[in-house]
Protein chains: 2
Amino acid sequence: MAKDNQFVSQIADIENDFPQWYSDVVLKTKLVDYGPVKGTMVIRPYGYAIWENIQKELDARFKETGHENAYFPLLIPMSFMTKEAEHVEGFAPEVAVVTHAGGEKLAEPLCIRPTSETIIGTMYGKWIQSYRDLPVLMNQWANVMRWEKTTRPFLRTSEFLWQEGHTVHASEEEAMEETLKMLSVYEEFAKTCLAMPVLTGRKTEKEKFAGAVATFGMEAMMHDGKSLQAGTTHYLGQNFSKAFDIQFSDKDGALKYAYTTSWGVSTRLIGAIIMTHGDQRGLVLPPVVAPVQVVIVPIASKKPGVLEACAALKDRLKRAGIRVTLDDSDNSPGWKFNEWEMKGVPVRIELGPRDLEAGKMLCARRDNFEKTEVSLENAEEEVKALLSNVQTGMYEKAKERMESRIVKADSLQELLSGVNGGNFVRAGWCGCRACEDKVKEFAQATSRVFAKEDTQETCVACGKKSAHTVIFARAY
Amino acid sequence: MAKDNQFVSQIADIENDFPQWYSDVVLKTKLVDYGPVKGTMVIRPYGYAIWENIQKELDARFKETGHENAYFPLLIPMSFMTKEAEHVEGFAPEVAVVTHAGGEKLAEPLCIRPTSETIIGTMYGKWIQSYRDLPVLMNQWANVMRWEKTTRPFLRTSEFLWQEGHTVHASEEEAMEETLKMLSVYEEFAKTCLAMPVLTGRKTEKEKFAGAVATFGMEAMMHDGKSLQAGTTHYLGQNFSKAFDIQFSDKDGALKYAYTTSWGVSTRLIGAIIMTHGDQRGLVLPPVVAPVQVVIVPIASKKPGVLEACAALKDRLKRAGIRVTLDDSDNSPGWKFNEWEMKGVPVRIELGPRDLEAGKMLCARRDNFEKTEVSLENAEEEVKALLSNVQTGMYEKAKERMESRIVKADSLQELLSGVNGGNFVRAGWCGCRACEDKVKEFAQATSRVFAKEDTQETCVACGKKSAHTVIFARAY
């Protein structure tokens, strides 16, 4: 189809120029636009609807695991940031600073939160007195700001939306349990809702959060084989409780510093969805978070009864809880197919006079282009089953792909070949920073997560006996 | 009960010191705390849960009326603010300014949005080309910042949370229709969800939004008879479309400036709820937005079977969709009654051995302290009906109160007496700014909304024949 090609050609080739493909797709599908200030993005309704679905799913999981939402101020006194030494070192270079307000110069400059450990820690220090006050399990949905040199919509922007959980516990064990529990909540969410397989594990010292004792991450494989850090959870030990005086009198009467955690995912997840599932035609959205799950395209829509039947079907599906739209615009069916394929709508229904006569409709899956004829009578159940199959199918496909692209390397040269070929690379690592830096220099790859921390390996960089297996990859 | 009095005495007298009563209640019920930066607030989980319920209800109404959510950047170049002359005059004195970011001085200072007309207008100017692109109906849930000298939690804080709708239309009529439609959405929401009666109407030139052609507001009467502006909608005419070049080619081929609107409500609504319904014992929360709708207090909880029966009842109510909590703490029932009354939980259920024997439970309403014995068998239906009655009862009570406190004044002296007595005052007004200022000076009251714009009156300030009836009041 000439029309088809013409349309698709508006998007750069996904294999030859993935970065351009990404820009084309996010802009043309109206997920996002560039904001007027460098590095900022405007999340347009089609993109924001994905975020709303992400929020809904995650928020339910947070509440099920006992967390409550709260809201802490955007502006943090600079002096708070400096109370935790590693933290300020990591974040100070990236902060945006308010120096004037209400027509006057401020006595102390305020920074726009890059993350909220310091201000939330200050409040926790005030609120928590006794072991009876623990655990504190809070989450915040908010905007944060990190002034980045190189930006890309959703992936790295100076302002982004996220959630940040901040919890306080009486013991190390409980705090570590929370850290790992939220990592598994993220992993299950990524799998179930985003159809996105991830590797989870601890991060190296070099890659951990500024101020954490240990950071755990989930890493997902993008279309080009690069890794995207899709979420992190941090065990903060007593670092922040000591900096912000979060003490409690324990059952034994002694005053003790509490143990804290924090964890977050952001609008970056939208980028992860795009780059995990997208294809040459554009977006491929997982049904659970797709703003539109089903589009109905009338065939020969001028023929009597067609539009009415489409509208009736739409109402039925809507009542069944399906996010459905009817494209009754003047455009041709072929144009509509392309448009909605580019927008990644999981299921397209074609309904024309012949279908109506036969009491059927044609369902086309976005993920694998399979078409099936389905009885109109059972439309609700059939479409629900189809959406569920799309969701599972997308996950399985992405999982197989990721698993087939994890290779083993015994040398830096093998590691380089591995990442050049668009793979994640498993390799031994002795644990020293110099070797991690060497890998970075030689292969432009970084350690993503520990695959094993207590094993017998040989370091890919120095050849020494090593206890760790690490996943290396190029990363967003 | 001595214990009772002791407890209640922690809150200042609502009649003698309403401002202190307000501070006591918001802090002691843990709705909010003061943030470290002057004028900021921390919205604690109990307060934030009210906001979540408000969001859920409003968001559904916005979507039903065809609006989509989006997200625009926090930071606005100062040069944008100055494009609409009245707008910058109104907001410039209140903005917080970012001058440094990423370790460098910025070429142009950026302000933290006090409202987003300018940045959204800029994007609309880019996106809108044709009449086919109209109307644009968007809403944003966001934080905004206005640097205020005098602040009070929820009522006036330097940062607050809100929603701001921004729409674009091809004609004046359509834009005005939208402006009035959203005012009525707010009014219905206030009535149905917050049990809060409001007066709605146009605002005077003096009180309108900076840059609007016309502002409409809803005003609610607080416990002390003062008015609180609880929401506003603005008809912006072509002011912003001209400043931000929002033009479209119309059906006739001509290039035209569009007509825009904006409208918003904020976390201020939480303050409105508190000050509309609260009493000497603390909060009285409307069931629709109460974080906890029902609290179960076990009586003689050590007796066999009591706690189990309470837990089973809790599960039943929860499954029925009721937000219910069981207070199985070690505190005495009396202590619990006070605590949950202060927290404004609409219905308290008491369940003890004698109730269980009789197959009954005791339900106590927070709003009027009525107690009724109810069969345990029909607990779900009974409690739902009770919550519905509380909601309606609270609205009726507030409505009667407000209506009985709207008085007529024919002179400045009467107007002064009226507002001194905690009333809203209806009075004639000639329409000139000098008379409005005179009322302000004489009675410390401002015009809240027009009651009638086309009538025969005498101006309360100058005695001239006047076309307008205005509601004057002292205001938050």
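**Figure 1. Where the two chains meet.** The contact between the chains draws 39 residues from chain A and 39 residues from chain B, where two residues are in contact if their C-beta atoms, placed from the backbone, lie within 7 Å. On the side of chain A that touches chain B, the elements giving two or more residues include β2 (41-43), α3, β5 (96-101) and α6 (117-127) of chain A. β5(A) gives the most to this side, with six residues. Helices (H or I, at least four residues) and strands (E, at least two) are DSSP runs, numbered from the N terminus. This is a predicted model, in which local features need pLDDT of at least 70, side-chain atom pairs count only at pLDDT 80 or more, and totals for chains, interfaces and linings use all residues. Residues are numbered from 1 along each chain as its sequence is written, while chains are lettered from A and ligands numbered from 1 in the order in which they are written.

**Figure 2. The axis between the copies.** The same surface serves both copies, as 100% of the contact residues of chain A recur in chain B.

Figure 3. Chain A has a mean pLDDT of 96, and 98% of its residues reach 70 or more; pLDDT is the predictor's confidence in each residue, from 0 to 100. Residues 1-6 of chain A have a pLDDT below 50, and this stretch has five contacts in the model beyond near neighbours in sequence. Where pLDDT is low, the predicted coordinates should not be read in detail. For the complex, the predictor gives an ipTM of 0.96 and a pTM of 0.97.

**Figure 4. An open sheet in chain A.** Seven strands line up in the order β3-β7-β8-β14-β11-β10-β9 (chain A), with mixed pairing; two strands pair if DSSP finds at least two bridges between them. At the edges are β3 and β9 of chain A, each of which pairs on one side only. β7(A) and β8(A) run antiparallel and are joined by 10 bridges. There, Leu137(A) has Thr167(A) in β8(A) as its bridge partner.

**Figure 5. A closer look at β10 of chain A.** Seven of the eight residues of strand β10 (residues 214-221) of chain A are buried, so this strand is largely enclosed by the rest of the structure. A residue is buried if 20 or more other C-beta atoms lie within 10 Å of its own, exposed if 12 or fewer, and partly exposed in between, with C-beta atoms placed from the backbone. Strand β9 (residues 199-202) of chain A pairs with β10(A) in the antiparallel sense over four bridges, and Arg202(A) stands opposite Phe216(A). β10(A) is also joined by eight bridges to the antiparallel strand β11 (residues 227-237) of chain A, where Tyr235(A) stands opposite Ala214(A). β10(A) and β11(A) form a hairpin with five residues between them, and Gly225(A) in the turn has a positive phi of about 85°.

**Figure 6. Helices that cross and cover.** Helix α3 (residues 45-64) and helix α7 (residues 172-194) of chain A pack at an angle of about 145°, with their axes 11 Å apart. Axes are lines fitted to C-alpha atoms, for helices over the stretch in contact, and angles run from 0 to 180 degrees between N-to-C directions. At this packing, Glu57(A), Leu58(A) and Arg61(A) in α3(A) meet Val185(A), Phe189(A) and Cys193(A) in α7(A). Helix α9 (residues 268-277) of chain A lies across β8, β10, β11 and β14 (259-266) of chain A, at about 145° to β11(A). In chain B, 10 of the 10 residues of helix α9 (residues 268-277) are buried, so that helix is largely enclosed by the rest of the structure.

**Figure 7. Around Ser249 of chain A.** Ser249(A) is found in strand β12 (residues 247-249) of chain A. Ser249(A) counts as partly exposed because it has 15 C-beta neighbours inside 10 Å. Not counting residues up to four places away in sequence, Ser249(A) touches Gln129(A), Ser130(A), Tyr131(A), Ala254(A) and Leu255(A).
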